[in-house]
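Hi there,

Here is the structure I promised to pass on. Have a look at it first, and then read on for what turned up.

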Amino acid sequence: MRLCVLVLALVAVTITSKVTAAPTEKQVVTPKIYFLHIKSDIRARYAKTFVTSKVVNPSDKAQEVVYQMTIPETAFISNFTMLLDDELMKGQVKERTEAKHEYHAAKESGQTAGHVATATVRDSNQVRISVNVGPQSKVTFNVTYEELLVRRKGRYELSINVNPRQVVPDLAIDVFIKENRNITLLQVPEFRSSNEIDFDEIDEISNLTQVQRTSKQKLHLHFAPSESDQIRLAGNDKSGLGGRFVVRYDVDRKNQPESEILTRDGYFVHFFTPPEEKPLPKHVVFVLDVSGSMYGKKMVQLKEAMNAILDELRPQDYFNLIEFSHPVTILNLDTPSNSTVIQPAESSPWYDQPPVSPDPALRTVPDNINAYPATQFYINIAKEAVEKMTATGGTNIHDSVKAAIELTQKAVPNNSTETKLPAPIIIFLTDGEATVGETGADKILELISTDRDGGVPIFSLAFGDDADLKFLKRLSLRAGAFARKIYEASDAALQLRDFYRQVASPLLTNATFEYDKEKVEGKVLTKQKFGLVFSGSELVVAGKLISGVERLDGNVLTSRGNYLLPVPGENPTPIARDTEDNFLERLWAFLSIKQKLDQYEAGRLESTAAAKNASEEKPSFEVAKGDALRLALQFSFVTPVTSLVVVKSDDGTANEKEPSKVVIGNEEEEENELTPYVGSSYHNAIALQSVSTAGSADLHRVSWNMAHRIKPAGWGFAAATKESAESDFDSDAVLDATLTSTLETTTPEISTVPISQISWLIPELQGNCSTDDWQCFKIGNSSEVQKVLSFNKSQNVTGDICANNDVCKPFTTCILPEFSTDTSSDAFVQNLKCDVLLDGDKFLGVCCPQNNSSLTTRLEAEAVD
């Protein structure tokens, strides 16, 4: 049986390559993408995107092709197929635990089974597929993903990442939009090679985009840059495109009701857009991290952003400023010396702070505290206060969140007799994890009741790579809001302002959708209650009609002056049957899964998970997780609770004895953990990672240390680049999807691991010590620099004569598990190190045994000696 390896991980269509067969003297030609077509069909805001990429290996030697593509963070993959040598491989969605068992079974049977790290490109997930392609052979990749476009700031946005990193002879993007209302706004900016925010948005259409309007409700956009266009758009860089194709649009609502209801095949979707009236007054509490890690550029960007955000407050608004590090300070804008300072109950062992008495009276917000009107007088004082902020100390998240919640409950308008402020909003920014006071995630989350009636939304901003985005997402979901990552880049201040603008104009509060119970199936309705509803947004409810029902009746109730927003009395608009699938049912399933997973993340606590063992009744968040799993399996969505499995054999049929497989996420993760890890590789699956991947889960810190210099493509080092680590990547926010099959190797008796697992092999970070062909390392505490050949250059290269019939091979071709478990740096130098020569230069080699047992025997003998 001929075997291959596939790695699918939830990226910009990127191709890198690795030679997997010994090259001849003739130079090996890199695999080429000769066809890349992307088609996105949008029906009533629901987008289904098909990506087809065809790659040829023009070399006379087999090569490993690494295919990468970026999909939106909120999208689910729903189909994957690959055509290789006339054999079709198709993915099947399975429950994660089942896939995990297959994964371990594949390892035990000697098949190559690997995890590969994934990363995000600004609110995106990456798909990574790696496969051996024979000489003069072609491979076709087909990936389908689906998403519900979210309306923000008055428009829907479709973002398609395109990153072949080479000029593609046949590259095209087609976007088809069908709406039941007239399409009004349409924006197609010039292809962007940067993810950074640009506030100078225009309504024009890119010159390279052709627009065909078949009706007022239908559009076809066609983008097919020539090879010369691709070079121009890449800044005259012949390495090809790298960026985003963006389409923004909106539909007509001026002369139609706020509600739009569509039905098809017994399912309905209700789109509700709040009327664009005067925004509600709001009380904004800004909670700003000024711990030591904010020192430098972060603090400068925070001050710049706050200076602009304060100017965007409206005269009817109120606000407060809280800064926190070790203590929490609620700023008094009238008398700064009278600011409220809340000290933690305990000192942090990491910071030189004196012990503090846990007296409750000193740890609460005063009852007579003020909120300040957004007049120019107070805005100017607030700007001065922000400008004086300095970064120092630890990160007291527990007390800062507690103080912010109490503040919204107690503060009254300054110089006013009012006793209650309108629409409280907490905007919480931090760049790190809790290090002071109460640091347990459960204890912090318990500050927020899961009963959201009357609660205060907490919008969290995770500033930079060290912020605990996973925790902040749970915090915000629990508080009926959402979290965002602020990327450390030149546009960080713009990112903060852009986030604020999304939540700056609340129009409604406590919107509740009510339907005739005799006409809808209540158990399958998606979320019906919403807290704050902002200008430019849209609420979506989907469900199933009871058999025979043709008319949907109901209301949308809000708290704005008891303003009743009726659902139209006319029959809902049926979607015409055509060649497309049952997309409205899939829209309902997609939305249901998303909301169930959010419910799980918001509700789960480790203490609750432990307590459930004492009771047979599952907590509600576990029920939500089960519902999400059931729907994901039914509709074949790749989600955090499912995995993709691929089966292939010589004749293209399923191989029941030795199944190929796909694993999505960490096979070792805890039961209640949905956030995936940074992957690792096993056996002969070294060098599967491309330059954009990270290292193994338990060696994430090692991978970060190795990431401070850009690596050339094709290296087998499980390390992120500095560029990606500091700007575009977020390993904690990724859906790690790994597709694993089996790999035919030339030395199946030798098991290998990623180079990042060899802790005593330390990257040399000083000076220019890296090329496309090699990189520098140090062994342990040695001062001698060792050059290590890339895998692409290591094939068929040998060196010194070794004892025990071992062969001196370049280090990258023989990275054995024992190097990380049983071998010290001294033992390696004394017993295993050798030198290999290439073009007259010396590189690090290893006396590679013929099989694992020979090394084990030799190590045991050396231990006895």
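Let me begin with a network of salt bridges, which links R45, R151, E179, R181, D250, R253, E260 and E538. A salt bridge here is a side-chain nitrogen of Lys or Arg within 4 Å of a carboxyl oxygen of Asp or Glu. By that rule the count comes to 27 salt bridges.

Before the details, some housekeeping. This is a predicted model, in which local features need pLDDT of at least 70 and side-chain atom pairs count only at pLDDT 80 or more, while totals for chains, interfaces and linings use all residues. Residues are numbered from 1 along each chain as its sequence is written, and side-chain values use heavy atoms, with hydrogens and water left out.

Helices (H or I, at least four residues) and strands (E, at least two) are DSSP runs, numbered from the N terminus. For accessibility, buried means under 20% relative accessible area, exposed over 50%, and partly exposed in between (1.4 Å probe, protein chains only).

Now for some individual salt bridges. R248 and E157 join through their side chains at 2.7 Å, N to O. R248 sits in strand β15 and E157 in strand β10, so the pair ties together parts 91 residues apart in sequence. R248 is buried, at 3% relative accessible area, whereas E157 is partly exposed at 32%.

Another salt bridge pairs E73 with K473 (3.1 Å, N to O). E73 is partly exposed at 26%, and K473 is partly exposed at 27%.

E312 and R497 also form a salt bridge, at 3.8 Å, N to O. It connects the loop between α3 and β19 with helix α8, so parts 185 residues apart in sequence are tied together.

Helix α7 has a partner too: its axis and that of α9 come within 8 Å and cross at roughly 100°. That makes the two helices roughly perpendicular, a label for angles of 65 to 115 degrees. The axes are lines fitted to C-alpha atoms over the stretch in contact, with angles running from 0 to 180 degrees between N-to-C directions. R474, L477 and R478 in α7 meet D598, E601, A602 and G603 in α9, where contact means heavy atoms within 4.5 Å.

Happy browsing!

Terms used. Angles under 35 degrees count as roughly parallel, over 145 as roughly antiparallel, 65 to 115 as roughly perpendicular and the rest as oblique.
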